[in-house]
Amino acid sequence: MINKEVRDAEDAIRDITDGSVLLLGGFGLCGIPEAGIQALVRKNLKGLTCISNNAGVDDFGVGLLLKKRMLKKLIASYVGENKEFEDQYRAGELELELIPQGTLAERIRAGGAGIPAFFTPAGIGSELAEGKEIREFDGRLYLLERWIKADFALVKAWKGDTAGNLIYKGTARNFNPLMAAAGKTTIAEVEQLVPAGELDPNQIHTPGIYVQRIFEGAGYEKRIENITVSP
Amino acid sequence: MLSKEQIARRIAREIKDGQYINLGIGIPTLVANYIPDHLQVVLQSENGLLGIGPYPQSSDINPDLVNAGKETISMVKGSSLFDSADAFAMIRGGHIDMAILGALEVSENGDISNWKIASGLIKGVGGALDLVASDAKLLVAMLHCHKDGSSKLRKQCKFPVTGVRCVHKIFTDLGVFSILPEGGFKLLEHAPGVDPDEIRKKTEGRLVIKGEIPEMTGFQ
């Protein structure tokens with residue numbers, strides 16, 4: 001088996017530079033590559049383009065990259081109430097491309113699967129359809145959407161092995177498997193890294209072929225955006 | 001006039017046994033609390049779960065288990081987890097039977113505007129755009145009027161449209177409406193203490209009132 005293990009987050013992101021295009025896994029704060037994001041913040045890169053479903057919160061997740069003004073462009077489906085985002089966007093310092101969540105997921109999936117474009121009904125009749133090719137199939141209209149690929153993908157899984165095989169937990173899976181396949185260099189961080197052979201091949205969600213580097217992160221905060229409990 | 005909880009209770013009556021349902025954020029999320037126990041239905045969360053359960057006990061909070069509103073949740077027996085591309089394949093592919101969503105506005109021909117807009121900026125759309133473009137029966141839950149008193153049931157939406165000719169029924173604090181094939185809001189039920197004339201005044205789009213309109217029930 002090919003050993004993909006790297007020392008730590010710093011080592012894993014060593015060749016990410018100013019202006020890189022990054023896929024960042026996670027939905028809200030759930031399943032985000034915490035260690036990778038913190039390493040990016042320490043490296044203080046500029047002009048990054050990030051593709052992430054959300055923009056994090058002011059002091060966690062993608063919000064940390066916004067706070068240090070490291071982003072040139074954000075491609076997301078929902079940015080929410082991030083004050084830092086709003087200020088930079090209004091000042092014209094940050095580009096934003098909003099994409100319907102399902103279209104975002106499928107564009108990334110297509111990127112990893114070698115499908116350059118596909119037709120989807122989402123967005124027909126809305127301003128997101130402007131300038132895009134529309135075609136009728138069986139009496140309904142569909143929009144042409146293109147694949148998304150990136151230089152790097154940062155994904156987070158629950159368990160992984162040194163061959164790069166990944167297993168996710170709960171809804172922390174979300175965009176991570178799609179992004180793992182769509183990154184030219186995919187960096188996986190896991191809560192538990194085990195030697196190849198210790199994970200049950202029947203249970204693997206992301207096969208190791210999609211992962212170029214893997215490391216075990218330490219001290220996961222796993223912050224929760226909205227704690228809701230039953231009375 | 002109905003409270004948000006009462007709107008949610010009334011919509012819960014539209015749910016049928018055996019349905020797979022996606023509930024949006026806001027009033028739709030409340031609907032889950034009022035689904036009758038004898039119905040077997042499955043709630044989807046578009047981040048990647050079929051089988052949303054109630055909010056957890058505080059001792060069972062799991063950061064790896066959240067719904068589309070990023071709230072901590074639990075799973076029911078028989079749940080399944082998947083990635084976000086699969087979640088939307090279920091939606092676009094016609095496997096989800098019904099979607100209950102909030103909206104900024106609905107037009108008389110069934111167009112919907114449901115971006116998240118705050119302080120004058122479009123903050124995103126999440127999965128709403130994919131849901132309104134799917135074959136799922138689309139029910140809308142919203143207050144009848146904006147905060148400034150202007151109607152949310154309009155001839156044409158003031159806000160940018162997210163989907164065209166897709167809304168089946170609308171449930172507001174004033175009544176229940178269907179969209180007529182030729183365009184127009186057909187009043188099906190009125191809220192207690194709200195007479196149809198008031199609804200007419202607060203509906204900017206074409207309102208059709210035919211015959212005796214029953215009072216809304218089933219939300220108590």
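In chain A, strand β5 pairs with strand β7 (residues 140–146) in the antiparallel sense, over 4 bridges. Pairing here calls for at least two DSSP bridges between two strands, while the elements themselves are DSSP runs numbered from the N terminus (helices: H or I, at least four residues; strands: E, at least two). Within this pair, Thr120(A) sits opposite Leu143(A) of β7(A). The model is a predicted one, with local features needing pLDDT of at least 70 and side-chain atom pairs counting only at pLDDT 80 or more, whereas totals for chains, interfaces and linings use all residues. Residues are numbered from 1 along each chain as its sequence is written, and chains are lettered from A and ligands numbered from 1 in the order in which they are written.

Zooming out, 3 strands of chain A make up an open antiparallel sheet, ordered β5-β7-β6. On average, neighbouring strands are turned by 40 degrees against each other, direction ignored. Helix α5 (residues 101–113) of chain A packs on this sheet, touching β5 and β7 of chain A, and its direction makes about 155 degrees with that of β5(A). Contact means C-beta atoms, placed from the backbone, within 7 Å; axes are lines fitted to C-alpha atoms, for helices over the stretch in contact, with angles from 0 to 180 degrees between N-to-C directions.

As for the partner chain, the contact takes 43 residues from chain A and 45 residues from chain B. The largest share of chain A's side, 6 residues, comes from α5(A).

Methods
Two residues are in contact if their C-beta atoms, placed from the backbone, lie within 7 Å.
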